[in-house]
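Here is a friendly note to read alongside the model. Keep the sequence and the 3D view open while you go through the points.

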Amino acid sequence: MDKRYVLAIDQSTQGTKAVLFSDAGLLVAKTARPHRQIIHDNGYVEHDGEEIMANMLAVIREVVELAGVEPEEVACLGISNQRETCIAWDRTTRLPLYNAIVWQCSRAKEICAQMEEADPSIAACVRELSGMNLSPYFSAGKMAWLVRNVPAVMDAAEAGTLALGTMDSWVLYALSEEHAFATEPSNASRTQLLDIARCTWSEELCEAFGVPMEALAEVRPSDSVFGHTTAGGLFPEPIPICGMLGDSQAALMGQGCTEPGQVKATYGTGSSIMMQAGSELVRSKNGLVTSLGWEFDGTRSYVLEGNINYTGAVVSWMKDDARLIYDPSDAEACARRANQADRAYFVPAFTGLGAPYWDDEACAILTGVTRTTGHDEIVKAGLESIAYQIGDVVGAMRADTGLDVSELRVDGGPTANGYLMQFQSDVTSVDVSVSSVAELSAAGAAYVAGHAAGVYGGNAIFEQISRTTYTPKMEDVRREVLLSGWRAAVRQAMTH
Ligand code: ADP
């Protein structure tokens, strides 16, 4: 029987999806199962590693059934996953020693603060080696917390049976017949333990965080044959797991951003904006972080990334909290109805400001309010704040690399908003291309795995993605006026 299908898993924060693609790169079927968000009274956020694995086996079975294909027709499996989330397990019992600590969880805050207190030069060293600022959001601090606070983890470390992994490693370990213990550069570089120039675990970083290096997974190219799986007996012959990428890098691949200077932006609750930087390590001087994109087809690539806390969430806030709209889709009509000459700006610094401004203490402000400012103008200002923030990250990318960004490939809920997309194109001077495929992380993982398994020779998945493109229509003078007003508003919101 022809092995014509590629299976992709997208193990995300909210749930686990299985997506089946054909050999022509068409999305054939998808299924998803949510898992519990375990939130403790003190704000700690966890996931149950075994629940996620049970969901994974279920969605794989469901998607094959839903598509009406024979299990024998599935050629290989690719994995995309939530980044930074990490989990400890024992290599003899093969069971987790504690729940997975989710990327959103800031329990390692004190560990990072103590490190800085003990050695004031540590922050610069961490940034130099890992490409990212010392922060409890990356896996290193979370792993350090596990090693210091969970007796079972301490015991396993002593016995030499401890495994500390990101979600790709856990999923691979639990799914593969060989119990392979490996990871790849996009996930490894988001732990904050990888020397990104060498693409190997850094002894210095492991020592600084107190994470035993021997408990970490082997770093292999993203398109390695990591292991083989029957997915709990579904596949009569084990199929290769031959593509793994962290979700943002997987979306970058799914968007076809393989040339230096190509940028993708995911508009969700928050946003991840990522630029393909090519094979040379680029260090940011403008508030972005550097990570590895992947090692694919024999080539290593680097990326620049900026994350924004509040983008689509501004629209949710206008609906649920400020009660300015009934539905997210109302925002577009309000913005179109609004007085276009109104000069109000909204800076959504609800939890400080992220890239590229970095001000934890900043508070949200509505400014520039005049007699022309009413309901619709406030909604318009909220919506436009999404585009301004993303535009500023793109500006930082341009400044860091000297590359001309002429196109932004976008996806996510708010891209349904035509006003926002046109405004993004206008204020950032880029073509904004909205992808017709919603499952870009899965598409990226499927492409890597399908390419490694020989199902995809050319650009099979990319060719299937049709795009709606918005081109800049605003006059330069008007853009400059708007941007200088926005910059002044951001300065007002900032505390330094
Ligand atoms: P996530 O994957 O983070 O859950 P989605 O891609 O589903 O995000 O996008 C959800 C966000 O998009 C919500 O915050 C919602 O308010 C916003 N959103 C949805 N539709 C629109 C729209 N038409 N205009 C503006 N924002 C929207």
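**Notes on the model**

1. Let us start with Arg94, which counts as partly exposed because its relative accessibility is 45%. The cut-offs are these: buried means under 20% relative accessible area, exposed means over 50%, and partly exposed lies in between, with a 1.4 Å probe and protein chains only. Arg94 sits in the loop between β7 and β8 (100-101). Its phi is near 65 degrees, a positive value in a residue other than glycine.

2. A word on where this comes from. This is a predicted model, in which local features need pLDDT of at least 70 and side-chain atom pairs count only at pLDDT 80 or more, while totals for chains, interfaces and linings use all residues. Residues are numbered from 1 along each chain as its sequence is written, and side-chain values use heavy atoms, with hydrogens and water left out.

3. Two other spots in the backbone deserve a look. Most residues other than glycine have a negative phi, and most peptide bonds are trans. Glu84, however, has a positive phi near 70 degrees. Glu84 is placed in the loop between β6 (74-81) and β7 (86-90), and it counts as buried because its relative accessible area is 8%. Elsewhere, Ala355 and Pro356 are joined by a cis peptide bond, with omega about -5 degrees. Pro356 belongs to the loop between β20 (345-347) and β21 (365-367). Helices (H or I, at least four residues) and strands (E, at least two) are DSSP runs, numbered from the N terminus.

4. Now find His35, in the loop between β3 (27-34) and β4 (38-39). Is His35 buried or exposed? It counts as buried, because its relative accessibility is 6%. Its side chain reaches the backbone oxygen of Thr13 at 2.8 Å. That is a polar contact: a pair of N or O atoms within 3.5 Å, where within protein one must be able to donate a hydrogen and the other to accept it, and residues adjacent in sequence count only if both atoms are side-chain atoms.

5. Which residues surround His35? Leaving aside neighbours within four places in sequence, its contacts (heavy atoms within 4.5 Å) include Gln11, Ser12, Thr13, His47, Glu51 and Asn55. Asn55 lies in helix α1 (residues 49-67) and is buried, because its relative accessibility is 9%. Not counting residues up to four places away in sequence, Asn55 touches Thr16, Arg33, Pro34 and His35.

6. Next, the ligand. Of the 13 residues around the ligand, Thr269, Gly312, Ser316, Gly413 and Asn417 come nearest; a residue belongs here if one of its heavy atoms lies within 4 Å. A polar side-chain atom of Thr269 is 2.7 Å from an oxygen atom of the ligand. Ser316 has a side-chain N or O atom 2.8 Å from a ligand oxygen atom, and a backbone N or O atom of Gly413 lies 2.7 Å from an oxygen atom of the ligand. On its own the ligand has 580 Å² of accessible area, and the protein covers 65% of this (Shrake-Rupley method with a 1.4 Å probe; for residues, only the protein chains shown count as cover).

7. What kinds of residue make up that shell? There are five nonpolar, eight polar and no charged residues. Here Ala, Val, Leu, Ile, Met, Phe, Trp, Tyr, Cys and Pro count as nonpolar, Asp, Glu, Lys and Arg as charged, and the others, Gly among them, as polar. Helix α10 (residues 312-320) gives the most to the shell, with four residues.

8. Turn to strand β16 (residues 263-267), which is largely enclosed by the rest of the structure because four of its five residues are buried. β16 pairs with β17 (residues 271-278) in the antiparallel sense over five bridges; two strands pair if DSSP finds at least two bridges between them. A hairpin of three residues joins β16 to β17, and Thr266 has Ser272 as its bridge partner in β17. With β22 (residues 407-411), β16 pairs in the parallel sense over four bridges, and Lys264 stands opposite Arg409 in β22.

9. Finally, helix α13 (residues 418-428) is mostly covered, with 11 of its 11 residues buried. Asn417 caps the N-terminal end of α13, with a side-chain oxygen 3.1 Å from the backbone nitrogen of Tyr419. After α13 comes Ser429, whose phi is positive, near 55 degrees.
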